[in-house]
Amino acid sequence: MSEDANPAATPTPCGDIHGDGRWMSMHERFVSDGKGKEPEVVFVGDSLVQLMHQFGIWRQLFSPLHSLNFGIGGDATQHVLWRLSNGELDNISPKVIVLWVGTNNHGHTAEQICGGIMAIVQVIKNKLPLAHTLVLGLLPRGKMPNPLREKNALVNKLVQEALSSLPYTSFLNVDPGFVHSNGSISHQDMYDYLHLTPKGYEAVCDPLHEHIKSLLEKPPEH
């Protein structure tokens, strides 16, 4: 199957399902945000990235690192791919790009989702060859074991393997152990068994913050 035939790796703007043009408006805001700012860190992804911005954790941990948040709820890999190919990285030169996307790729296989994530990594490399791309592992989802959990776990395995040979990239598993020994996820960590509570964000973001700091402190690779 050719790369072009993978819908998860084909840049696609999100359809205006609500009729208010929000997705494109947000994309345009991100493009213009980049023009006036000099971020060291840029977060890109879906609602898990977007909502981070609304919790104290963002101001506490990531604002001090000069971070921008380019998260849009509902985005799948093909949408992020389109956004990054169409201006969101054009006026900035961050040291670290944090990519967290893939759990919304309903209807795509784990292999297709991995292909989508790797296509995004390639766009970042082409536009920002010296930035370090940190790909976050997909979290488990659903209260009890289910096929989507299995798919996300397989995506993580495939992405980790695909990234292992690439320079300026790394994979970080940010799941602090949300799945209990009986297979369940607590609503205290994920209020709807997909999105994180403040407590859930804390468990994910503390180690993530440490990891980003260590990347920022590293001397540039030559």
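The model is predicted, with local features needing pLDDT of at least 70 and side-chain atom pairs counting only at pLDDT 80 or more, while totals for chains, interfaces and linings use all residues. Residues are numbered from 1 along each chain as its sequence is written, and side-chain values use heavy atoms, with hydrogens and water left out.

The strands form an open sheet of 5 with the order β2-β1-β3-β4-β5 and parallel pairing, two strands being paired if DSSP finds at least two bridges between them. Its edge strands are β2 and β5 (169–172), each of which pairs on one side only. On average, neighbouring strands of this sheet are turned by 20° against each other, direction ignored. Within the sheet, β1 and β3 pair in the parallel sense over 5 bridges, and Gly45 stands opposite Trp100 in β3. Helix α7 (residues 198–217) packs on the sheet, where it touches β1, β3, β4 (132–136) and β5, contact meaning heavy atoms within 4.5 Å. The direction of α7 makes about 165° with that of β4; axes are lines fitted to C-alpha atoms, for helices over the stretch in contact, and angles run from 0 to 180 degrees between N-to-C directions.

Another helix, α4 (residues 77–85), is largely enclosed by the rest of the structure, because 8 of its 9 residues are buried, a term that means under 20% relative accessible area, whereas exposed means over 50% and partly exposed in between (1.4 Å probe, protein chains only). The buried residues of α4 are Thr77, Gln78, His79, Val80, Leu81, Trp82, Arg83 and Leu84, and they pack against α1 (22–36), β1 (41–45), β2 (67–71), β3 (96–100) and α5 (110–127). After α4 comes Gly87, whose phi is positive, near 110°.

In the loop between β5 and α7 lies Gln188, which is partly exposed, with a relative accessible area of 48%. Leaving aside residues up to four places away in sequence, Gln188 touches Thr197, Lys199 and Gly200. Gln188 and Phe178 are 10 residues apart in sequence, and their C-alpha atoms are 10.0 Å apart in space.

Technical notes: Helix = DSSP H or I, 4+ residues; strand = E, 2+ residues; numbered from the N terminus.
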